[in-house]
Amino acid sequence: MSEALSASGRPDDKARAFILTGSFPVIRRNPLYLTELSRRGLKILVITADSYREQAAEAMADTSNPASQITDIAYVAGDFTVQGAFVAGAVARTAAWRDTYTIVGAYAVGDYLAEPTGLLADGLGVRSPGLRASRASRAKFLQRWYLPELGPASLTIPAGERDTADLSAVGFPAVVKPASRASSSGVGTVTDLTALRRRLATYPDHEVVLVEQKVIGAEFSVESLVQDGRVIFASVTGKDTTDSRTHTFVELAHSVPSAHDDLDDLLLDANRRLLEGLAFQDGISHSEWRVDEDGRPFLMEVAARTPGDGLLVLYQLATGHPLEPEILRIALGESAAYPNPRRWTRQVYLEHDPGTLEDVVVDWPGVAPEWISDSGVWPEIKPGAVNDPPTLRAVLVLKKRGSLLEALSSSDDRSVTFFIDAPTPEALDALEQRVREGIRIITEGPR
């Protein structure tokens, strides 16, 4: 990389830095971003929500925690349900950093700051998914606007128009989605007009809501590495959610690669058209799809940031290589590449009985539950050899003992997850069933 020049044309002697944005717990639990940036000699700057101030300060002060590698952290205040709430804060903090550092890259590792990060990157002249992709990825109604042919029939209800919106064209069952939230928060199914009106009344007046025809069918996501507007890697992930038996959409399992390989070409082609329509330039995208009984793929939503849950772990288990270094290479304008999966992998979130979390018991040779809620750091889950037998890699407890476990209505309600891999999809399914039988989540119900 060429030596940076100051406005005077002389070499810039300011320290080189990289900005990571997003939920602090997500940044903390994926320490490879931090260690990779530190290895490159870059100062690490983080922008996160003000609600994480206390836990971030504690983690950064602990020299055994990867978060101690962070050089500086900025907190931005805002309401997660208000579009653009964090933009001004992110710009103000970065303007101050720009006087101190030569900022050579920026990337979002969480939903809420994806749009501000795109604006920051554009102003800094560094790589990003692009302004259209960064903005549309944070507003589901904009995804329908740019790519109506890929999504289901939908109706956008602007803030303040709940009582006057014409709902006569809505087909049922329908899905109601807050336009800019994440983690399945506030998303639900309604079966008639009365239920729809009742559901709409539960959202804040300022929130934009999307109502769309429910697509019945298998769920998938597509993870894509894009460099200079060209897809250099893409893979289909199988999904399972609570929607199969409730009115919510909490994700319960991810499988890399998808066992429905007969649908891969269909989904990859639809994903390519999506990325072209959003003028996606540089970074990783995470798009979510449903395929109906006629074999048509429908876009549910797309995110212009690193994939959530344990997908980074799954791709490392499946390929033997981590994704994080390639994501950073793209953000820094370096040549990137990634291999195809060689193992079948799955992350499963277990459902629980509501109540106070007393214990988690794992009956499996050589595997104990890892309670990660105190440090927030996920353990290093190393990939095995291509021909390893079906293997349980880890069981993680996401909540503290004594936490109140509630019925699953958003991703934040999940309590226990495990990771498995196998040489064939059939062996993976059989292993999942055995592992499920070997784990007990012990809760004490209300008295």
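Buried means under 20% relative accessible area, exposed means over 50%, and partly exposed lies in between (1.4 Å probe, protein chains only). Strands (E, at least two residues) and helices (H or I, at least four) are DSSP runs, numbered from the N terminus.

This is a predicted model: local features need pLDDT of at least 70, and side-chain atom pairs count only at pLDDT 80 or more, while totals for chains, interfaces and linings use all residues. Residues are numbered from 1 along each chain as its sequence is written, and side-chain values use heavy atoms, without hydrogens and water.

**Exercise 1. Work out how enclosed strand β6 (residues 174–178) is.**

Step 1. Sort the residues by direction. A174, V176 and P178 point one way from β6; V175 and K177 point the other way.

Step 2. Check burial. Five of the five residues are buried, so β6 is largely enclosed by the rest of the structure.

**Exercise 2. Find the pairing partners of β6.**

Step 1. Recall the rule. Two strands pair if DSSP finds at least two bridges between them.

Step 2. Take β7 (residues 188–190). Three bridges join β7 to β6, in the antiparallel sense. Here V176 has G188 as its bridge partner.

Step 3. Take β8 (residues 209–213). Five bridges link β8 to β6, and the two run antiparallel. A174 stands opposite Q213.

**Exercise 3. Trace the nine-stranded open sheet.**

Step 1. Write the order: β13-β12-β9-β10-β11-β14-β19-β17-β16, with mixed pairing.

Step 2. β13 (297–303) and β16 (369–371) each pair on one side only.

Step 3. From one strand to the next, the twist averages 25 degrees. Axes are lines fitted to C-alpha atoms, for helices over the stretch in contact; angles run from 0 to 180 degrees between N-to-C directions.

Step 4. Look at one pair. β9 (residues 218–227) and β10 (residues 230–241) run antiparallel, joined by nine bridges. E219 has K239 as its bridge partner in β10.

**Exercise 4. Describe how helix α2 (residues 32–39) meets α11.**

Step 1. Compare the axes. The axes of α2 and α11 come within 9 Å and cross at roughly 55 degrees.

Step 2. Classify the angle. Under 35 degrees is roughly parallel, over 145 roughly antiparallel, 65 to 115 roughly perpendicular, and the rest oblique. α2 and α11 are therefore oblique to each other.

Step 3. List the contact residues (contact means heavy atoms within 4.5 Å). L32, Y33, E36 and L37 in α2 meet E324, P325, I327 and L328 in α11.
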